[in-house]
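Thanks for coming. I will go through a few local features first and then the packing.

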Amino acid sequence: MTLTEEQLKVIADYPLVSKAAYNLRLSDGNSNVAQKVFPIHQNVQGSSFRFDHFSSLIDVVVSNSPDPEVWAAILNLIDTINPSTPPPLSIIRTGHETPVKTSSSRLDNSETRDMVERELFYEIKDCTHRGVPGFFEKHFNTTKWTQAQEKMLQLILAHHDGTKWKEFPADPWEAAVWKWMQGLEEKALAGAQYILHANRSATEFKERKGQMDIFFQKPKQTEGQLEYKHVLVAGEHKRSYATADFKACILQLTRHVRSIFADQPRRRFVHAFTIRATTMELWIYDRSGPYSSGEFNIHHEPGKLARALVAYTTMADAAMGLDISIEWENSHRSIIVEDGNSNDKRVELNRLLVWQQAVVCRGTACFLTRQGVAKFSWRLDKRQSSEVELLKLAQEKGVEGVATLVGHREITSIDALRAGLDFSSSTRHAFRATAYDRLDGYNRLQDSERSGSSRKRKFSDNNHRSRTTRLSNSQKSTPRQAYDGASGKAKSSIYTPNRDDPYENRILSCLVISPAGRVLSDFSTIQELLEALRDAIRAHRSLYIKGGILHGDISSNNIIIPSSRNANSFKGMLIDLDLAKEQDSSPGGTRHRTGTIQFMAVEVLRGEHHTYRHDLESFFYVLLWMCARCAWHRVKRFRREGEIAPEESLLRKWEIGRFKDIADAKEGHMTVNSLERIMNEFPESFHIVKPLCLRIRSILFGDTATLMMGTPAGDPGRLYDRIVAAFGEAINH
């Protein structure tokens, strides 16, 4: 084909006349699109180029394709001519900015996609398995298919000529592959339960930016703005296998899977796939990590592609990973649990209260019920005492202020979901260490039970998302392993598995606890906030001294304000004993690092034994967080006319970085001068809480230049009494 003058001018000028080219940075962090396009521009003007490099860009520009497609073609051009440039993924496909709003409630909108995907990498680093034997037999077993499915399979295979797929594009760029797959769908998959959808805009998905290339969902949910709660299968496409880095591709896919889990919190697992040029890989993501079929060439093994397409469009709910334990009756959701007398009890599920945003984690989701709260979570099967056992023990010992058990049910397990698959050390993928991995000190935030980043978010009228990230060191853990560096060596993952086992087995269970209530961050008045915290501390004292149980995870989500109470009842109660532990004979208590990172005590962050005093320190951090962060998102009366929240809070340093850096930041903030700066972030109406904050700081850390960090010897009741009294005086003031 001979280039026209118009086409030549378009190629030479288009990227450089757009301001976006100068604002959009590539993933190397050191260059923008314009810088990479300029030398290409010079080659075009001098006619020193190969036409095949530019054909896709010419096609989309001359055909007046949407901007995202044009920028995608420009990025493919850069990637082809400058292969040393790290693949920019979909970052530029937003069409206007690199920072994106992510599914992580811990990361602000200002965080780059690169940071989000680094976070995800340390979530899946040591729990990703590829080429798992038995994958196709388990998930795409045609012996169980209906005649309709078999017919679809044969109709699809009719488009393969024995050597290659007919009409598959010679240049497999996105739009061409989308068109080819949609052609197969029209000809062979008519009437299927789910349909294929190709996303052509980076802003099509509600609330989250970032393009998901190909996905499957129900037909009636394809109109208007898209939502992750409707996505059933996620797909990621790359035009070239050689230049599409596996790690970058899988992290991009994982980001979408995390969003699916966040918006479908009862989802048991998620199907996904990648296509790089003509190489495909099918994936399953569950709460113990991702695993795959292994790569295959779609031309050489057409049956695998055909089976996948038919299965993705016709799967039953259980095979798709949807929750089948929930029953629908008269438009109401309910679940059957076992009460204390081994009798079945039907519990109706109402509003979703709290859920997590992560892949490898406990996947906790809490629903309001008439009896209280129903909590679904994937706990590790190796915990010494389950939450059910600890709740029963607390009740037997007369503990006050802690939620009581109404009923429970074990639903399924990772072992059950992975039955028939052959996992081994040989299938565990060893990611290649990069210079960033070796040199960067950015420590991953961690989830309960050594298993990934937890991002809890709560529902409220203004949809404000609470920021919580759980972590704990458990069995056989080292100081860098975690529970839910800059040494020149590759950093350890947050998920450091027990190498004796191929993966961590988790058990999905439902616990119904009473009473119902609002999470602490939904407080309606300052007095209600202080009363709830005071009584939650009283509950902690009862749990620890009377019950012999250390909670170990004090956070805003684990303190509730009961919906109904009398004059003598607790106005704040403790929930969630997932990370709690019966006290042993050692003076320090538990040896496991547990907690929610924003609220973790300084010494716990540094790996010291977790004690009751550390939980009391966590209560203090919750108070500061509620006043400096959550108060700005609560009712308008907390703000004076014209008051604006700080652009970036000092407390940001409590949630980003290495353990040691967060510990150092917190310790520095506990000096009187630094605490004053934090309290200056309170809305003016919360200034009345400042004397209480200074009082508790003094009780916990002392009044000398050197902060007291250790747990005092003797009766623990004395420390509880002083802090409860301080709250009482502030409430009565």
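E167 sits in the loop that runs between α8 (147-157) and α9 (174-188). This is a predicted model, so please keep that in mind throughout. Phi of E167 is near 65°, a positive value, and the residue is not a glycine. Most residues other than glycine have a negative phi. Is E167 buried or exposed? With a relative accessibility of 64%, E167 counts as exposed, because the cut-off for exposed is over 50%.

A277 is another non-glycine residue with a positive phi, here about 60°. The loop between β4 (270-276) and β5 (279-286) holds A277. A277 has 14% relative accessibility and counts as buried, because that is under 20%.

Next, a peptide bond. Most peptide bonds are trans. The bond from S514 to P515 is cis, with omega near 5°. P515 belongs to the loop between β16 (506-514) and β17.

Now two serines. S385 is in the loop between β12 (373-380) and α13 (387-396), and S385 is buried at a relative accessible area of 17%. What does S385 contact, leaving aside neighbours within four places in sequence? The contacts of S385 are L390 and E582. S524 lies in the loop between β17 (517-519) and α16. S524 is partly exposed, with a relative accessible area of 25%. S524 and F638 are 114 residues apart in sequence, while their C-alpha atoms are 9.6 Å apart in space.

Helix α16 (residues 526-546) packs with helix α22 (residues 717-732) at an angle of about 165°, and their axes are 10 Å apart. The angle therefore makes α16 roughly antiparallel to α22. The crossing of α16 past α22 is left-handed. By residue class, the contact of α16 with α22 divides into 11 nonpolar, four polar and five charged. On the α16 side the residues include L530, L533 and I537, and on the α22 side they include Y720, I723 and F727.

Last, the cores. Which residues touch the most other members of the largest nonpolar core? They are F620, L623 and F686, in a core of 88 residues. Helix α18 (residues 612-628) gives this core its largest share, 12 residues. Not counting residues up to four places away in sequence, L623 touches L530, L533, V689, L692, C693, I696 and F727. A second, separate core has 68 residues, among them L153, W180, A308 and I326.

How values were computed
Residues are numbered from 1 along each chain as its sequence is written. This is a predicted model: local features need pLDDT of at least 70, side-chain atom pairs count only at pLDDT 80 or more; totals for chains, interfaces and linings use all residues. Side-chain values use heavy atoms; hydrogens and water are left out. Axes are lines fitted to C-alpha atoms, for helices over the stretch in contact, and angles run from 0 to 180 degrees between N-to-C directions. Helices (H or I, at least four residues) and strands (E, at least two) are DSSP runs, numbered from the N terminus. Angles under 35 degrees count as roughly parallel, over 145 as roughly antiparallel, 65 to 115 as roughly perpendicular and the rest as oblique. A crossing is left-handed if the near helix is turned anticlockwise from the far one by less than a right angle, and right-handed if clockwise. Contact means heavy atoms within 4.5 Å. Ala, Val, Leu, Ile, Met, Phe, Trp, Tyr, Cys and Pro count as nonpolar, Asp, Glu, Lys and Arg as charged, and the others, Gly among them, as polar. A nonpolar core is a set of buried Ala, Val, Leu, Ile, Met, Phe, Trp, Tyr and Cys residues joined through side-chain atoms within 4.5 Å. Buried means under 20% relative accessible area, exposed over 50%, partly exposed in between (1.4 Å probe, protein chains only).
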